[in-house]
Amino acid sequence: MFRRFAGGFALYAVVVERGAADPSPSGPGDLSGESTARPRILLVEDDPTIRQMTQLALERDGFAVATAHDGADGLSAFRSQPPDLVILDLMLPGVDGVSVCRTIREHSVVPIVMLTARSDPIDVVLGLEAGADDYVTKPFEPSILAARLRAVLRRVGRHDSSPILRIGDVEIDRAGMEVRVAGELVGLTPTEYRLLLELAENRGVVCGRERLLEEVWGYVWAGDTRLVDMHVRRLRVKVGPDMIETVRGAGYKLVKG
């Protein structure tokens, strides 16, 4: 109960401090009629106070927000109107956030940002292993969440027209944003793709975790280096365990093909 009160209070305080005339909350929302200039967000959160205040704050920041109150409702909303990004609470009743994330990942590479009440390593690892691109710990300021969402959407939107890049059996089509291993198409999330491309463009060079957070995740502030570690682990499964070398105490490098 304290968790929800703390998160809800933090959001409410920030919204009120802005001092602008508050529009009426738009409820669950509908993404079908929104302008393409407004990124479409699906917010899956069971706490009604956090859900309403987060929706209100993000809409003020230029996002179109639809909401769902539990995991089953979130999956239904996702299937009926696929969003540009999903914000997913980890601790959902019924179908939990990790299960929802895994289900979405079976069919889509849409960016997913997890909300967690704690920075417990187990919570973070579970979310990232399920396929989340990033996470935010409650309570949070809406401006910080909005900045994280924009960073995720920016890296998804990057489109490089450079030629195909080949390293051993790995082929990266930078124009089509596709990756093949031994000729077979490999399904990568946008974040996994950007991480692989960053390592590939600097193959043989050690890339520190902080540098990767800045270049791939777009962080100009201190980020959680576990994001890098978990995504490297997932990449190794998809492109081969020997492609990415860990340099102890320094970072990672892609081995030369």
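A: About 40 Å³ of space lies in the largest cavity. A search of the whole structure finds one cavity of 30 Å³ or more. The search uses a 1 Å grid over the protein atoms alone, and a cavity is a set of points where a 1.4 Å probe fits but cannot get out. Grid points are joined across faces, edges and corners, and the volume is the space filled by probe spheres set on the points.

A word on the model: it is predicted, so local features need pLDDT of at least 70 and side-chain atom pairs count only at pLDDT 80 or more, while totals for chains, interfaces and linings use all residues. Residues are numbered from 1 along each chain as its sequence is written, and side-chain values use heavy atoms, leaving out hydrogens and water.

The cavity is lined by Leu 90, Met 114, Leu 115, Thr 116, Asp 123, Val 124, Gly 127 and Tyr 135; a lining residue has an atom within 4 Å of a grid point. Five of these residues are nonpolar, two polar and one charged. Here Ala, Val, Leu, Ile, Met, Phe, Trp, Tyr, Cys and Pro count as nonpolar, Asp, Glu, Lys and Arg as charged, and the others, Gly among them, as polar. S4 and H5 each supply at least two residues of this lining. Such names come from DSSP runs, numbered from the N terminus: helices (H or I) have at least four residues and strands (E) at least two.

S4 (112-116) and H5 (121-129) also turn up around another helix, H4: what covers its buried residues includes both of them, along with helix H3 (71-80) and strand S3 (85-89). Contact here means heavy atoms within 4.5 Å. H4 spans residues 97-105, and its buried residues are Gly 97, Val 98, Val 100, Cys 101, Ile 104 and Arg 105. Seen down the axis of H4, these buried residues fall within an arc of 160 degrees, so they line one face of the helix. The arc is taken from the directions from the helix axis to the C-beta atoms. Buried means under 20% relative accessible area, exposed over 50%, and partly exposed in between, with a 1.4 Å probe and protein chains only. At its N-terminal end, H4 is capped by Asp 96, which has a side-chain oxygen 3.3 Å from the backbone nitrogen of Val 98.

For contrast, turn to the largest pocket, with about 180 Å³ of space. A pocket is an open set of points with protein on both sides within 12 Å along at least five of seven lines. Twelve residues line this pocket, and Val 109, Met 177, Glu 178, Leu 188 and Tyr 193 lie nearest its centre. By class, nine of the lining residues are nonpolar, two polar and one charged.

Conventions:
A polar contact is a pair of N or O atoms within 3.5 Å; within protein, one must be able to donate a hydrogen and the other to accept it, and residues adjacent in sequence count only if both atoms are side-chain atoms.
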